[in-house]
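Welcome, and please open the model in your viewer.

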Amino acid sequence: MTKYIHERPEWPNFHWDKETLPDRLAAVRHRQGRLIGRMETLGFSLRDEAVLETLTRDVLTSSEIEGEILDPAQVRSSIARRLGMDIAGLVPADRDVEGVVEMMLDATQKFDQPLTVERLFAWHASLFPTGRSGMTRIRVGAWRDDSAGPMQVVSGPFGREQVHYQAPDAVRLDRETKLFLEWFSAEQKIDPVLKSGIAHLWFVSIHPFDDGNGRIARAIADMALARSEGSTKRFYSMSAQIRQERNIYYNELERVQKGDLDITEWLRWYLDCLDRAIEGAEVILANVFKKARFWECHAKVTFSGRQKDILMHLLEGLKGKLTTSKYAKIESCSQDTALRDIKELLELGILQKDTGGGRSTSYSLADL
């Protein structure tokens, strides 16, 4: 009795209802085009800021889906350095952060280059620079070998695990990945947005690596979406939306992986999720426009380097309250210098004292 889609004789000949999806696809394509058109009206610096915000969210949330929490400042700094962006507050990034960023940028900035076995192996090696997933040593830059048993997606405590999915046996991986890569590289009469959803499902169903399959599947999907737009500029994050809908995402995957090869419902959910992701880009745009409005309103003010840097931190969402001691620590100056800088910004009406300061007075940006 077949339990998973890869066990069916017709695998991997996916099919879907071509009558029910066109309206959804058209709506997504329309929203996608409107967003890109709107972003094209922005200046280069604002566009770069939007791209940086989007890619940072994409890297952070794709890792969060798998339960891995990365440092936002490190991710942002790594992306900015690799894209040659001049931003304030760059910090060094750990190897694992650099690896995730390297994979995501390779997928989206070089979307027009072929997806090959060697490229997938390089992505996998970037994700696991130490050769370990947590405390466990894994095969890096190579397909899994199932030496520890079949590849299963499980949940629940030890001894009472629930198996949600079991991937194809390791002996099938060369053939399975070859079929997938040939399909992904070939020209087809499939809209690239639909191809993104199919590629995501297909790759994660093969599950060819010991770990990192979900992140690589989402990178492949992003690659297909970049191809659909013919642009390296990313203004929305599918991973960020999937992170918000993580439980539904896993339920949809499990349902379709235990079904037949009709993936209509999966594509319907994927298109709706993508539509919500593009709509959610308005949050990023609002933040970008907020920064632009701030600097435009204060264009005639001459800030010191320290003041400009701290204002950038505040505009980007400084963690915790801004106090004189925090200012001094961030800008590597004395408390007296920090207080003098803050007083100048208070007099200009750029900062305001927070109410109920308690033992230490804190400050925030005044409303424009």
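Select D106 to begin: with a relative accessibility of 17%, D106 counts as buried (buried means under 20% relative accessible area, exposed over 50%, partly exposed in between, with a 1.4 Å probe and protein chains only). You will find D106 in helix 4, residues 95–109. Helices (H or I, at least four residues) and strands (E, at least two) are DSSP runs, numbered from the N terminus. Now show the side chain of R119: a polar contact of 2.7 Å links it to the side chain of D106. A polar contact is a pair of N or O atoms within 3.5 Å; within protein, one must be able to donate a hydrogen and the other to accept it, and residues adjacent in sequence count only if both atoms are side-chain atoms. Leaving out residues up to four places away in sequence, D106 touches F111, R119 and W123, where contact means heavy atoms within 4.5 Å.

A word on the model before we move on: it is predicted, so local features need pLDDT of at least 70 and side-chain atom pairs count only at pLDDT 80 or more, while totals for chains, interfaces and linings use all residues. Residues are numbered from 1 along each chain as its sequence is written, and side-chain values use heavy atoms, with hydrogens and water left out.

Zoom out for a moment. The chain has 14 helices and six strands, and its C-alpha trace spans about 75 × 45 × 35 Å along the principal axes. Of its 368 residues, 48% count as buried.

Next, select W266 in helix 11, residues 264–297. Is W266 buried or exposed? W266 is buried, at 0% relative accessibility. Beyond its neighbours within four places in sequence, W266 has contacts that include H200, L201, Y249 and R255.

Now show helix 1 (residues 22–40) together with helix 8 (residues 213–229). Their axes come within 11 Å and cross at roughly 70°; axes are lines fitted to C-alpha atoms, for helices over the stretch in contact, and angles run from 0 to 180 degrees between N-to-C directions. The two helices are therefore roughly perpendicular (65 to 115 degrees; under 35 is roughly parallel, over 145 roughly antiparallel and the rest oblique). Which residues of helix 1 meet helix 8? R29, Q32 and I36 do, facing L225, S228 and E229.

Go on to helix 13, residues 324–331, where T324, Y327, A328 and E331 are buried. They lie on the same side of helix 13, because they cover an arc of only 95° around its axis, the arc being that of the directions from the helix axis to the C-beta atoms. These buried residues pack against helix 12 (305–315), helix 14 (335–347) and strand 6 (363–365).

Finish with some backbone details. Most residues other than glycine have a negative phi, and most peptide bonds are trans. After helix 13 comes S332, with a positive phi near 55°. In the loop between helix 7 (192–206) and helix 8, H207 has a positive phi of about 50°. Last, select W11 and P12, which are joined by a cis peptide bond with omega about 0°; P12 sits in the segment before helix 1.
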